Amino acid sequence: MVRIPEHLLEAIRQYGERTYPHECCGFLLGTWEGDVLHVQQIKTIENAYEETARTRRYLIRPEDYIQTEREALEQGLDIVGTFHSHPDHPARPSVTDLAEATFPDFLYMIVSVYRGHARELTAWKLAPDRETFESVTINQEVLP
Amino acid sequence: MNPTRLTQYVRIQIPAALRRFTDQQREIELEAATVGEALQALAARYPALSSHLFTPDGSLRAFVNVYVEDTNIRQLEGLDTPVKEGTRLILVPSIAGGHQ
């Protein structure tokens, strides 16, 4: 299960809308508390693919990972996952998402954006056998 | 044992997404002379980690980047890159995907 404040979910949706028809991407920063992942910040990252590929793919450079990891550690956080958008496609992991998947505890959030408007937002993690993605329940936090 | 062989202790920084395999350790110290030896030693110490770093044929998975300090080993000598005492290795996953 992942806990994430409502305003961060909204920020992901809005970023997906701003970058439409391109795929957006970014990092999820937070901590593990037992089996519960607590996302506390997001960091948007510019899609590193060339213009023509951005409507169907996203790429984050390793240099961006290293820089973000340093920033996270300074705040006592870790990179715990990533998010990206699927313009005009469902918020379900694609064959490409599975082929490019990294580690089982790395959270993948996907927001579908149809005609510029964000719809479904889902969370996934790679199964231990690396053969498929497993759905992760999003527990939305409403902060006072 | 080859008495002329020199090995050093290097440190590997473990990403949060792999720490369940390393007893939650953020950094592991291992004896190795090259980057490849360090990764093999890591996989030997934590066998459940191995399949997420290496393919079934033993190659480093394509999405796994290894940095020696601030340089990707692909710009050095790959897994044969020598390491020195105290060298810090960072495991950095390539993050990519998309709906097609």
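The legends below describe close-up views of a predicted model.

Local features are given where pLDDT is at least 70 and side-chain atom pairs where pLDDT is 80 or more, while totals for chains, interfaces and linings use all residues. Residues are numbered from 1 along each chain as its sequence is written, chains are lettered from A in the order in which they are written, and side-chain values use heavy atoms, with hydrogens and water left out.

**View 1. A:Arg54 forms salt bridges with A:Glu46 and A:Glu51.** A salt bridge is here a side-chain nitrogen of Lys or Arg within 4 Å of a carboxyl oxygen of Asp or Glu. The N to O distance is 3.9 Å for the pair of A:Glu46 and A:Arg54, and the closest N and O atoms of A:Arg54 and A:Glu51 are 3.8 Å apart. A:Arg54 counts as buried at 19% relative accessibility, whereas A:Glu46, at 56%, counts as exposed; buried means under 20% relative accessible area, exposed over 50% and partly exposed in between, with a 1.4 Å probe and protein chains only.

**View 2. A salt bridge joins A:Asp78 and B:Arg19 at 2.9 Å, N to O.** The pair crosses between chains, from strand β5 (residues 78-87) of chain A, which holds A:Asp78, to the loop between β1 (8-13) and β2 (27-32) of chain B, which holds B:Arg19. Helices (H or I, at least four residues) and strands (E, at least two) are DSSP runs numbered from the N terminus. A:Asp78 is buried, with a relative accessible area of 9%, and B:Arg19 is buried as well, with 7%.

**View 3. A:Thr82 lies in strand β5 of chain A.** This residue counts as buried, at 0% relative accessibility. Leaving aside residues up to four places away in sequence, the contacts of A:Thr82 include A:Phe27, A:Tyr58, A:Phe106 and B:Ile95, a contact meaning heavy atoms within 4.5 Å.

**View 4. Five strands of chain B form an open sheet with mixed pairing, in the order β2-β1-β5-β3-β4.** Two strands pair if DSSP finds at least two bridges between them. Because β2 and β4 (71-72) of chain B stand at the edges with a single partner strand each, one side of each is left without a neighbour in the sheet. Strand β3 (residues 64-68) of chain B pairs with β4(B) in the antiparallel sense over two bridges, and B:Thr71 in β4(B) is the bridge partner of B:Val68.
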